Amino acid sequence: MRNRLSRALPVAVALLAAVAVLPVSAATAAAPEPAAHTALAALADEDGTYIVTLQKDLDPVAVADMVGVTPVHVFDTALHGFSARLSPAQVTALRAMPGVESIEEDGETAGFGTF
């Protein structure tokens with residue numbers, strides 16, 4: 001019995017080591033590179049869609065009107081603001097306005113796992 005175990009143990013250790021290494025190297029080799037966000041770079045001459053977050057005391061439609069845009073969406077639940085297609089000049093004008101908390105380019109997101 002001991003002779004059989006002494007011969008099987010090195011084989012089992014080698015097999016476990018090979019199995020443990022394979023998923024790591026396979027996952028590393030197959031992992032795609034992160035995609036660069038190139039919406040504005042590819043469409044440099046076109047306006048991008050942005051999400052503009054405002055302080056609660058500002059009217060999103062009035063702020064959009066100040067820079068000459070019609071909101072695509074107006075938000076007032078999870079955040080307070082609007083989304084709209086904005087030119088670079090409009091983004092600059094909004095950034096200079098008091099009460100504008102953030103201006104983020106709208107885009108796709110990815111999550112991790114499932115809930």
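## Exercises around Val69

Val69 has a relative accessible area of 10%, so it is buried (under 20% relative accessible area; exposed is over 50%, partly exposed in between, with a 1.4 Å probe and protein chains only). Before you dig in: you're looking at a predicted model, where local features need pLDDT of at least 70, side-chain atom pairs count only at pLDDT 80 or more, and totals for chains, interfaces and linings use all residues. Residues are numbered from 1 along each chain as its sequence is written, and side-chain values use heavy atoms, leaving out hydrogens and water.

**Exercise 1.** Find where Val69 sits and what it touches.

*Solution.*
- Step 1: look in the loop between α3 (60-66) and β2 (73-76). Helices (H or I, at least four residues) and strands (E, at least two) are DSSP runs numbered from the N terminus.
- Step 2: skip residues up to four places away in sequence, and Val69 touches Ala64, Phe82, Ala84, Arg85, Leu86 and Gln90. Contact means heavy atoms within 4.5 Å.
- Step 3: take Leu86, 17 residues apart from Val69 in sequence; their C-alpha atoms are 7.4 Å apart.

**Exercise 2.** Work out whether Gln90 is buried or exposed, and list its contacts.

*Solution.*
- Step 1: go to helix α4, where Gln90 lies.
- Step 2: check its relative accessibility, which is 15%, so Gln90 counts as buried.
- Step 3: leave aside neighbours within four places in sequence, and you get Val67, Gly68, Val69 and Arg85.
- Step 4: zoom in on Val67, whose backbone oxygen lies 2.9 Å from a polar atom of the Gln90 side chain.

Conventions:
Polar contact = N/O pair within 3.5 Å; in protein donor to acceptor, adjacent residues only side chain to side chain.
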